[in-house]
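My notes follow in the order I took them.

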Amino acid sequence: MRPVILFTFFWSLAAFAQQVGGNASAGKPETATFTAGAQLVVETVTVTDKQGKPVEGLTAKDFTVTEDGVPQQIRVFEYQRLSTAATGAPPAGPEQVKVYEKLGQTRIATETPGDGRYKNRRLMVLYFDMTAMQQAEQIRALAAAQKFIRSQMTPDDLFAILRYSGAAVEVLQDFTDDRNRLLSILQTLIIGEGQGLDESTNDAATGDTGAAFGQDDSEFNIFNTDRQLSALQTAAKMLGQLSAKKSLIYFSSGLRLNGMNNQAQLMATVNSAIRSGVSFWPIDARGLVADAPMGDASQASPGNAGMYTGAGMQANTARFQQSQDTLYALAADTGGKALFDTNDLTKGIVQAAEAISSYYVIGYYASNAAQDGKFRRIKITLNNEMAANLDYRQGYFAGKQFTKFSVADKERQLEDALMLPDPITELTIAMEIDYFQLNRAEYYVPVVVKIPGRELALAKRHGADRTVIDFIGEIKNSFGTTVMNLRDKVTAKLSEATAAELAKRPIVYDTGYTLLPGEYTIKFLARDAETGRIGTYQSKFVIPNLNKDEDRLPISSVVLSSQRVDMKDAIYNALKEKDRHDDVNPLVQDGQKLIPSVTRVFSRDRSLLVFLHSYQQGPAEAQPLIAVVSFYRDQAKAFESTPVEVTASGGGRLKTLPIQFEIPLAGLAPGKYDCQLTVLNPDGQKAAFWQAPILVVQ
């Protein structure tokens with residue numbers, strides 16, 4: 001079936017701040033004799049003998065560097081000699097710790113030719129993710145940093161302090177060896193200044209606090225993991241301006257991926273750190289944790305059979321381990337090491353410091369100047385056959401440039417971007433993938449994509465505002481075979497009113513596929529054709545075989561929405577009216593289309609629309625069903641709808657019964673809820689349960 005493609009605008013619940021920042025150069029040439037556009041590649045190489053001691057006295061002539069097998073000419077070479085002392089000396093003078101009324105913000109100073117401030121210095125960054133730590137964990141992390149600076153900081157150490165509190169990556173202190181200054185900043189954080197605990201509002205008066213990174217605190221709050229990873233990526237780009245080795249000590253209380261939804265951003269963060277010469281050293285600020293089998297006093301006890309079978313405890317343990325798995329991956333992929341399950345968080349800083357010993361800085365201008373975003377493999381060897389171990393990064397991803405191309409070049413570059421292993425995440429993309437059974441074999445799969453309108457550029461053409469977006473995507477099965485693809489360009493004309501409101505509106509793009517049951521991977525790219533900025537969404541999804549679900553009541557995906565759009569008002573681009581297949585799309589009814597809320601953020605002045613299908617393949621006649629929607633907050637039931645009896649006759653062999661609710665949200669207080677749908681078949685003694693988090697805003 002050809003995809004049905006819909007492009008429409010609807011009111012957003014808040015504004016979005018444009019993500020800024022780009023790939024910074026890893027260094028600058030000492031002379032101006034090199035061609036413009038050449039990329040300086042800087043490698044930090046640790047050379048040790050069999051006893052693990054640094055090998056000194058080598059020159060540039062002792063090394064051979066190749067990139068993808070092509071020899072490179074070494075243009076930058078120096079040796080960084082660092083202290084290997086396990087502990088540092090105490091400060092010479094008396095400690096003078098101040099508490100600042102307000103912490104200022106600065107920037108990471110760039111490296112200039114002849115600047116020796118970072119020579120023979122160990123660069124370490126204390127990065128505090130305040131959004132991922134409870135207050136007690138924040139204090140524990142800050143105290144560990146204070147302990148190290150007081151007693152174990154060496155004269156070669158330079159520390160910077162970065163903080164992420166949800167809106168932007170803040171540089172509280174550039175690299176310095178001033179212990180009193182560092183301790184004063186940490187003490188100010190401990191007593192409560194700017195710990196990210198302020199009241200979060202979403203109204204029209206909310207200030208745009210986005211700086212080096214981030215959407216403001218609004219609709220994409222539900223994708224906190226992507227925001228945390230993107231903040232780490234921004235921090236790595238900041239540090240990429242310096243050619244020396246950098247260790248980013250990441251204090252967090254776990255970072256749990258939402259299935260495969262965050263894989264693209266995770267890969268982009270890791271690759272950005274590799275390009276910038278930054279290694280991540282995550283420290284789990286929760287320390288050594290012992291969970292009570294049925295929970296502690298901070299939450300209500302579970303009320304299901306899992307508390308007796310051990311399933312509840314197993315789920316808690318799995319959730320805890322998953323939150324550590326991401327930290328482990330960040331460390332392993334960037335050359336760092338994670339610290340888990342210990343209350344002495346200072347050990348994590350110690351092992352990060354000990355990992356940076358004396359090393360050589362080797363730089364060359366890559367002979368391959370193509371900005372294709374592909375991986376370049378680097379090999380460094382010694383010419384004198386010396387028995388030594390070399391530790392360095394094995395390659396890097398080249399930069400990506402998708403602007404200033406001809407039409408043919410842009411088309412080719414967009415196709416290449418789809419194939420890149422390094423996802424491009426310059427635009428924020430959220431996606432929802434649902435499924436509805438059509439017959440015994442096929443399922444209709446609606447795909448809805450949401451992009452913050454503020455991240456797109458407007459162009460003045462022929463006196464009218466318009467925005468142009470390119471889309472490309474593919475779906476592969478579990479064998480890696482492409483089963484579906486998409487290529488589209490959408491031009492949306494905007495009136496003065498809608499153009500002015502674009503900053504407060506997300507853009508929704510809709511398409512649909514017919515697929516068989518199985519496991520699939522979708523990769524979807526959107527490009528702002530005006531600026532060349534690209535966003536990537538990559539995820540795995542499963543279409544279950546509902547024919548085999550004999551123990552439970554088979555149901556489709558549950559769609560949550562707050563708006564229906566008249567099909568006459570939609571803007572179509574890819575398909576003619578006669579080519580549309582609205583008759584098979586369950587979300588289209590009576591000339592109106594139900595728009596899924598991808599981010600599941602709902603305003604109290606609108607009603608929540610719940611829609612799904614139930615299937616009964618066994619009985620000759622469709623049996624009546626009872627459905628109810630409940631909202632839970634802090635383990636307590638906050639709302640429950642009136643049970644609805646569904647008795648309409650189902651169509652076809654599947655006995656399809658549509659179930660829908662319209663729930664006013666005005667009576668609910670703003671905040672996060674767990675929305676639960678329960679469908680019962682009293683005659684068949686079967687049931688189906690579905691639950692997902694939602695956010696209700698003013």
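I started with an open sheet of four strands, in the order 4-3-12-14, with antiparallel pairing. Which strands are at the edges? I found strand 4 (70–72) and strand 14 (395–397), each of which pairs on one side only. I then took the angle between neighbouring strands of this sheet: on average they are turned by 30° against each other, direction ignored. This is a predicted model, so I read every value here as computed.

Next I checked how strand 14 is held. Strand 12 (residues 375–382) pairs with strand 14 in the antiparallel sense, over three bridges.

I moved on to strand 29 and its partners. Strand 29 (residues 625–633) pairs with strand 31 (residues 644–646) over three bridges, in the antiparallel sense. Ile-626 stands opposite Glu-645 of strand 31. How many bridges join strand 29 to strand 33? I counted seven, and strand 33 (residues 671–681) runs antiparallel to strand 29. Within strand 33, Leu-677 is the bridge partner of Val-629.

Strand 30 (residues 636–640) is joined to strand 29 by four bridges, again listed as antiparallel. Here Ser-630 stands opposite Glu-640. I looked at the hairpin of strand 29 and strand 30 as well. Two residues lie between the strands, and Asp-634 takes a positive phi near 55°.

Then I turned to helix 1. Helix 1 (residues 135–151) has 17 residues. From first C-alpha to last, helix 1 reaches 25 Å, close to the 24 Å expected at 1.5 Å a residue. Which residues of helix 1 are buried? I noted Glu-137, Gln-138, Ala-141, Leu-142, Ala-144, Ala-145, Gln-146, Phe-148 and Ile-149. An α-helix has 3.6 residues a turn, so residues three or four places apart point the same way. I kept that in mind while reading the list.

I closed with totals. The protein has nine helices and 34 strands. Buried residues make up 52% of its 698 residues. Among contacts between residues at least 6 apart in sequence, 78% join residues at least 24 apart. The protein exposes about 31400 Å², and carbon and sulfur atoms supply 48% of that area.

Methods. Residues are numbered from 1 along each chain as its sequence is written. This is a predicted model: local features need pLDDT of at least 70, side-chain atom pairs count only at pLDDT 80 or more; totals for chains, interfaces and linings use all residues. Side-chain values use heavy atoms; hydrogens and water are left out. Two strands pair if DSSP finds at least two bridges between them. The expected span of a helix is 1.5 Å times one less than its number of residues. Buried means under 20% relative accessible area, exposed over 50%, partly exposed in between (1.4 Å probe, protein chains only). Axes are lines fitted to C-alpha atoms, for helices over the stretch in contact, and angles run from 0 to 180 degrees between N-to-C directions. Contact means heavy atoms within 4.5 Å. Accessible areas come from the Shrake-Rupley method with a 1.4 Å probe; for residues, only the protein chains shown count as cover.
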